[in-house]
Amino acid sequence: MRYTHIALAALISQNSLAATALNGAQQQEMVDIHNTWRNKVGSPAVIWSAKIAETAQAWADNLKTKGCKMTHSKGSGYGENLYWASPIKYSDGQVKAQTIAPTKVVNSWGDEIKNYTYNSNSCATGKVCGHYTQVVWKTTTEIGCGMAVCSDSSQVWVCNYNPPGNYTGKKPY
């Protein structure tokens with residue numbers, strides 16, 4: 001009987017993860033939009049990695065337990081981009097999660113191109129461009145992403161990159 005409860009708990013845990021993990025269409029959209037940005041600068045296409053996605057989903061789930069506080073993971077060996085979306089709050093007090101497409105997430109990172117100067121390999125003063133450079137990092141071959149909705153209906157998205165990029169002094173492509 002004890003083993004039945006353990007197996008049931010493991011099944012419930014797997015189903016809870018599957019409920020927040022990206023579905024096949026979202027995975028393909030993530031790959032496609034990454035490759036759209038990468039193609040613009042001549043970086044080779046990336047592919048989806050289920051193993052990397054498990055790591056990204058685990059971190060998204062971890063952030064969920066911390067109220068979706070945006071904190072990078074440490075020691076995974078992967079590059080990482082994070083995205084946060086606020087909940088929708090209605091005048092009647094109702095709150096719900098936004099419907100966010102993978103394209104919106106990756107485009108938010110890619111749009112940092114406006115802050116990046118290739119010749120000097122630098123970001124504009126006071127601006128961010130490291131998410132963009134990770135998206136297009138030439139030697140990255142695999143990605144995996146996850147998403148979690150927090151108790152306040154905000155959400156956090158995590159994408160991991162293998163091999164990682166953003167090495168100081170090195171250009172992304």
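Ring pairs link Trp37, Tyr116 and Tyr132 into a cluster; rings of Phe, Tyr and Trp (its six-membered ring) pair if their centres lie within 6.5 Å, and planes under 30 degrees apart count as stacked, over 60 as edge-to-face and the rest as tilted. The model is predicted, with local features needing pLDDT of at least 70 and side-chain atom pairs pLDDT 80 or more, while totals for chains, interfaces and linings use all residues. Residues are numbered from 1 along each chain as its sequence is written, and side-chain values use heavy atoms, with hydrogens and water left out.

The structure holds 4 aromatic pairs. One of them, tyrosine 116 with tyrosine 132, is tilted, at 5.8 Å centre to centre and 50° between the planes. Tyrosine 116 is in strand β5 (residues 116-117) and tyrosine 132 in helix α5, 16 residues apart; helices (H or I, at least four residues) and strands (E, at least two) are DSSP runs, numbered from the N terminus. Tyrosine 132 is buried, with a relative accessible area of 0%, and tyrosine 116 is buried at 9%. Buried means under 20% relative accessible area, exposed over 50%, and partly exposed in between (1.4 Å probe, protein chains only). The rings of tyrosine 118 and tyrosine 173 form a stacked pair, because their centres are 4.8 Å apart and their planes at 15°. Tyrosine 118 is partly exposed at 29%, as is tyrosine 173 at 24%.

The largest nonpolar core has 23 residues, and Met30, Trp109 and Trp157 have the most contacts inside it. Such a core is a set of buried Ala, Val, Leu, Ile, Met, Phe, Trp, Tyr and Cys residues joined through side-chain atoms within 4.5 Å. Helix α2 gives the most to this core, with 4 residues. Among the residues that methionine 30 touches are Trp48, Val105, Ile143 and Trp157; contact means heavy atoms within 4.5 Å.

An open sheet of 4 strands runs in the order β1-β7-β8-β2, with mixed pairing; two strands pair if DSSP finds at least two bridges between them. Strands β7 and β8 run antiparallel and are joined by 8 bridges. Alanine 148 stands opposite valine 156 in β8.

The loop between β7 and β8 holds serine 154, which is buried, with a relative accessible area of 0%. The residues in contact with serine 154 include Cys68, Trp84 and Ala148.

Technical notes. Lists of a residue's contacts leave out its neighbours within four places in sequence.
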